[in-house]
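Reader: Can we go through the disulfides in this one? I'd like to take them pair by pair.

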Amino acid sequence: MAERQSRFSLSQTQFSRRQKRRPRQKKLASIHLLVAAALALALAIATILYAIKLYYSRTHVANLDDKVISSQHLPPAQNDQNRKKEEQRIIQDDRVAPETDMNKLRSISSSHGSFFFGPDSHQVQIPKNDVVDLSASWSPLQRELLDDDSDIINVEKERERCASYGFELPSNAKMPLRRRRLFYGALISADTEEVIKATSMEQYNIFHTVSLIESNSTQNLTPKQWRFFGSEDASKELNWLYQLFGPKTKVSVDYYVTSLNKAQIKNFYELLTENLQREGNLYRWKFNGMRPDDVAIVGDIDETFSRDFLRALQICDVPQFRPGQSCRSPKVSASTLMFEASPECSWNAVKNWMGRNAEGRRWYHPDAMLGECVDQIGDTELHPPTKRVYLGSHGSRKDFYGHDNEFSFYDSNILVDLNMKGQGPLWFPHDIRQENFMGKSVTKKDMWKSPTGYHFHNFFESGEEIRFKYATYGHADSKALGQPRLRGVHRALDMAVNCALGKHTKKAEISFESIPSSSRPIYYLNEEARKARHSVWQDIVRRDEEK
């Protein structure tokens, strides 16, 4: 009996101990479960984040991280090997192979056609055989001028630069002293390598984004082959183009396929199809993360602001770039020195309001504008959409709805209903280029009124290419193909032909060196490049005149 009681007592004690242990065991089990759940959750989050990163890198959506090479100030003659390595460096890790099926590219469709978006230059691996050493042909002077991308801002130098264009340096909290990001947009087609090298050297390592749009038809809807898509040769040419603007610039060629036919555009203005194609620049700028405080620059591929003026646009207190624009007259336009077919053939640099007079000619593109006034980037609540000539929302602005600075119908039919006054609509790329009297054209404030831009007009490789351009592109002239002499194709070519033959009038400069200006295009500061191009042009003229 005593033994049973002893066992019973022992059992009770053990039971009591076990009962005390159970809460601790339950607590430990709960902790283990929580730790396991936390680890599972962390793994799931990491998987989701990786999937999102992969998706964004493959579809090239807006707000991609700007993984750019840090600026390093290299003295002109110091360590060329480092410069070559910088030019060959791939800036993003998310690389994609060239696509051969356009339907696999990201696309956006509209009422007039579809845009297809390929990778940019920071998302591709350039094959070794396609890598080019741009600096190998630079002269010491070109190297010095292009080596201006230091992160350190030289305040006195920038103050002097700004003053040379009538600007000041920013001096308040709303406009801090920093370089603005510049986003460039243009169309590209049969433009020669010569002219692309000339403009891209001026822009080397300055732009954040270069957006180029190619189409498989000309502006009067004449079909043509893709130049930068669909073949091994196209891929090589695209790889070459990717490298021209410098390793710090995201370069892309995107593609436009129109759904229109000639009958549909017959009753519209002749630049409608060009204007519709330029809409692709807006989407690319947005994909690449353009902000309201960035600057959009619109041009043709054969036009460029001077390098010095591009640097001024980045840092000076430009009134049109101050925040809070009404967006009615926000343009900054170049005063552009025009070269016809050769760097040795330029128009006299005297300028009037339309870029020409009895003594010569000045052009008035490219054009620049603050991002807050650009469609897809600015705020539509502050800048309500206007009415346009094609289906109400495409093409040029309608008369009195903001076309050529006339806003009476926009005010009475759109702003009044919104209880707004004085605001303007957002701008499409073709608005930035074509709307007149709505901003400021800038010349350099020196004794020559030196230009702030250059236009390399008709720098083709044959007379046939020139005739095709005039017959099928903007302001198309169907008679151009049948003209027996180039001088009869367009009045601008008459000057260029005379120049090739050594005949000069008071409307033209005698040579590149005779241009009265403190601004000259950097590419043609190389005398060998000037001679080579002028020789090509003289051969074209000689063959044409001998027919």
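**Disulfides, pair by pair**

Author: Cysteine 345 and cysteine 499 are joined by a disulfide, S to S 2.0 Å. The rule here is a pair of cysteine sulfur atoms within 2.5 Å. Keep in mind that this is a predicted model, where local features need pLDDT of at least 70, side-chain atom pairs count only at pLDDT 80 or more, and totals for chains, interfaces and linings use all residues. Residues are numbered from 1 along each chain as its sequence is written, and side-chain values use heavy atoms, with hydrogens and water left out.

Reader: Why is the disulfide of cysteine 345 and cysteine 499 left-handed?

Author: Because the torsion about its S-S bond is about -85°. The pair links distant parts of the chain, 154 residues apart: cysteine 345 is in the loop between β9 (336-340) and β10 (356-357), while cysteine 499 is in helix α13 (residues 491-500). Helices (H or I, at least four residues) and strands (E, at least two) are DSSP runs, numbered from the N terminus.

Reader: Is cysteine 499 buried or exposed?

Author: Buried, at 5% relative accessibility. Cysteine 345 is buried too, at 0%. The cut-offs are under 20% relative accessible area for buried, over 50% for exposed, and partly exposed in between (1.4 Å probe, protein chains only).

Reader: Switching topic, how many disulfides does the count come to?

Author: The count is 3 disulfides. With bonded cysteines counted along the chain, the pattern reads 1-2, 3-5, 4-6.

Reader: OK, what does cysteine 162 pair with?

Author: Cysteine 162 forms a disulfide with cysteine 316, and their sulfur atoms are 2.0 Å apart. Cysteine 162 lies in helix α4 (residues 155-163) and cysteine 316 in the loop between α9 (307-315) and β8 (331-334), so this pair ties together parts that are 154 residues apart in sequence.

Reader: Which cysteine is joined to cysteine 327?

Author: Cysteine 373, with S to S 2.0 Å. Cysteine 327 lies in the loop between α9 and β8, and cysteine 373 in the loop between β12 (367-370) and β13 (388-390), so the pair ties together parts 46 residues apart in sequence.

Reader: What about its torsion?

Author: About -85° around the S-S bond of cysteine 327 and cysteine 373, so the disulfide is left-handed. Cysteine 327 is buried at 1% relative accessible area, and cysteine 373 at 0%.
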